[in-house]
Amino acid sequence: MNVQKIPAAHKGDYGIDYYCTKEAVAYQCYAVEEPVDIAARAERQKRKITTDLGKLLANHIEIGKLFLGAPVKHWVLLAPLHDSKEVNLHCAKKTGDLRKAQCSTLDPLFDVAIQDPSSFPAEVVAAGMSSLSTVKLAIPSPSQEQLEAWAVGSSDLLANATQKLKKRVGVGEVQAAVAEAIASFLHGNAMLDALRTGSPDLHEKVTLAIKSRARRLQFAGPQGGPSAGAILHTELDALISALKSAAPSLSEENAEQIAYGSISEWIMLCPLDFPDVE
């Protein structure tokens, strides 16, 4: 209730991700891209502390407004892992530096610290992780204008999809099947774009799983069969399973949407095709 978030998307975040006016604490979150050794992790954490405390001083007037005029007492870097005393020594040095700066926004006894999950009660950490355990994106389906704009410049892909999906549905239904494939493809791509921006680590896991399935499909051919429907069911189930295995925090709905988009792309390009209907 007392902790508020500062979005960084518009004009930065002042070197603060969250703040608590009741306790006069500013929090910054930072996760080093792993794997790295202890020395490299410590160096990057120290660099982050220095950079964001610089932002804190540079924006002290606006930060004072956030804290309603009360002096900020603590600045804490929250990290998944803290395993070097060198970071503690750096925090002590920066504490001294900022106290010497005599900034009116900071308390005279202002201090800098780093904390990881071991600093908090295990049940509190578990509850927090549980609430964040599932990533669920709400991405709107492509509009008719987007579908039409894509189709204008993609005649070869449309021809591929039409030729292949004729083996799945009758001639009278193929246009609707192709339109559905295009919509799934664009929707899936929008999902991946959102992951790339909002959760790069998750995006990497998802794309690696898709590439692995596509490589296997291209090398060994589709599973299931002999009908096009049976192949599609098998490949969709396999890809959804691969996505959920690679990225357990991805919601079931999003995994299905991304899988439908990827399967649609495979149909329009290669490597997915179906036996000819006799």
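**Cores, pairs and helix faces**

Author: Let's start with I258: leaving out residues up to four places away in sequence, this residue touches G188, M191, L192, L195, V206, I210, L243 and L250. Please keep in mind that this is a predicted model.

Reader: Thanks! Which residues have the most contacts inside the largest nonpolar core?

Author: I258 is among them, along with V206, L243 and L272, in a core of 39 residues. At least two residues of this core come from each of helix 5 (144-152), helix 6 (155-165), helix 7 (174-198), helix 8 (200-220), helix 9 (228-246) and helix 10 (252-268). Helix 7 gives the largest share, ten residues. There is also a second, separate core of 22 residues, and V72, A79, C91 and V112 belong to it.

Reader: On to aromatic residues. Why is the pair of Y19 and F67 called tilted?

Author: The search of the whole structure turned up two aromatic pairs. In the pair of Y19 and F67, the ring centres are 5.4 Å apart, and rings pair when their centres lie within 6.5 Å. Their planes meet at 50°; stacked would need under 30 degrees and edge-to-face over 60, so the pair falls into the remaining class, tilted.

Reader: What makes this pair a tie between parts of the chain?

Author: Y19 sits in strand 2 (residues 18-20), while F67 is in the loop between helix 2 (60-66) and strand 4 (72-78), so the pair joins parts 48 residues apart in sequence. Both Y19 and F67 are buried.

Reader: How do you know whether D52 is buried or exposed?

Author: D52, in helix 1 (residues 38-58), has a relative accessible area of 0%. Buried means under 20%, so D52 qualifies as buried.

Reader: And what makes the link between the side chains of D52 and Q28 a polar contact?

Author: The two side chains come to 2.8 Å, and the limit for such a contact is within 3.5 Å. Beyond its neighbours within four places in sequence, D52 is in contact with Y14, G15, Q28 and W75.

Reader: Helix 3 next. How do you know that its length agrees with what its 17 residues should span?

Author: At 1.5 Å a residue, helix 3 (residues 85-101) should span 24 Å, and its end C-alpha atoms lie 25 Å apart, so the two agree. Just after the helix, Q102 has a positive phi of about 50°.

Reader: What puts the buried residues of helix 3 on the same side?

Author: Those residues are V87, H90, C91, K94, T95 and L98. They cover an arc of only 145° around the axis, so they share one side of helix 3. Their cover includes helix 1 and strand 5 (106-115). The face turned away from the buried side carries K85, L89, A92 and K100, which are exposed.

Notes. Residues are numbered from 1 along each chain as its sequence is written. This is a predicted model: local features need pLDDT of at least 70, side-chain atom pairs count only at pLDDT 80 or more; totals for chains, interfaces and linings use all residues. Side-chain values use heavy atoms; hydrogens and water are left out. Rings of Phe, Tyr and Trp (its six-membered ring) pair if their centres lie within 6.5 Å; planes under 30 degrees apart count as stacked, over 60 as edge-to-face and the rest as tilted. Helices (H or I, at least four residues) and strands (E, at least two) are DSSP runs, numbered from the N terminus. Buried means under 20% relative accessible area, exposed over 50%, partly exposed in between (1.4 Å probe, protein chains only). A polar contact is a pair of N or O atoms within 3.5 Å; within protein, one must be able to donate a hydrogen and the other to accept it, and residues adjacent in sequence count only if both atoms are side-chain atoms. Contact means heavy atoms within 4.5 Å. A nonpolar core is a set of buried Ala, Val, Leu, Ile, Met, Phe, Trp, Tyr and Cys residues joined through side-chain atoms within 4.5 Å. The expected span of a helix is 1.5 Å times one less than its number of residues. The arc is that of the directions from the helix axis to the C-beta atoms.
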